[in-house]
Amino acid sequence: MSSVILKLYEVVLLHRCQDTIMKSLSKQQRGFQKQLGCQMSTFVQRETLNYAREKSATVCVCCLDGRQAFIHVWHAGLFYKLIELNVECTTLLAFRAMYQNACCHIKYNGLRSENFPVHQETKQGGRSSPLLYLAFIDELIKEL
């Protein structure tokens, strides 16, 4: 039952900050946005390459492998990014409370490990995780 309540809570928080974060993101961000998925990115890349070929120009391409990307989001860095993006204070504190003192354990072959702290990773299956990930990597996208 608590996971349903947490997901509803996340939807409320997401509604409060989504516009603020989306307006600040780099235009090169394509993931997790309506009508900006892989097909659109592939189209833009193909058209760029065709244009460069016609003009005999050089094109530099950088690909980012996003496998298991959500598990590499450092919490302190994420909250710093949200502050930089001017996420409203109470929303920021609510997100921080969701991640503060997070811990987990591992189950394997019927055995369970001791709990251990989690200092990185967005919540698996969390409604806010894709947007938080985009906010976290935005500076990297701008730099590239």
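The model is predicted, so local features need pLDDT of at least 70 and side-chain atom pairs count only at pLDDT 80 or more, while totals for chains, interfaces and linings use all residues. Residues are numbered from 1 along each chain as its sequence is written, and side-chain values use heavy atoms, with hydrogens and water left out.

**View 1. The largest nonpolar core.** This core has 24 residues, and I21, L78, F79, L82 and F95 touch the most other members. (A nonpolar core is a set of buried Ala, Val, Leu, Ile, Met, Phe, Trp, Tyr and Cys residues joined through side-chain atoms within 4.5 Å; buried means under 20% relative accessible area, exposed over 50%, partly exposed in between, with a 1.4 Å probe and protein chains only.) Two or more residues each come from α1, α3 (75-84), α4 (89-99) and α5 (129-143), with α5 giving the largest share, eight residues. Helices are DSSP runs of H or I, at least four residues, numbered from the N terminus.

**View 2. Around F95.** Leaving aside residues up to four places away in sequence, F95 touches L13, L14, C17, F79, S128 and L132. Contact here means heavy atoms within 4.5 Å.

**View 3. The E88–R16 salt bridge.** Search the whole structure and you find one salt bridge (a side-chain nitrogen of Lys or Arg within 4 Å of a carboxyl oxygen of Asp or Glu). The side chains of E88 and R16 meet in it at 2.7 Å, N to O. E88 sits in the loop between α3 and α4 and R16 in helix α1, so the pair ties together parts 72 residues apart in sequence. E88 counts as partly exposed at 38% relative accessibility, and R16 as partly exposed at 44%.
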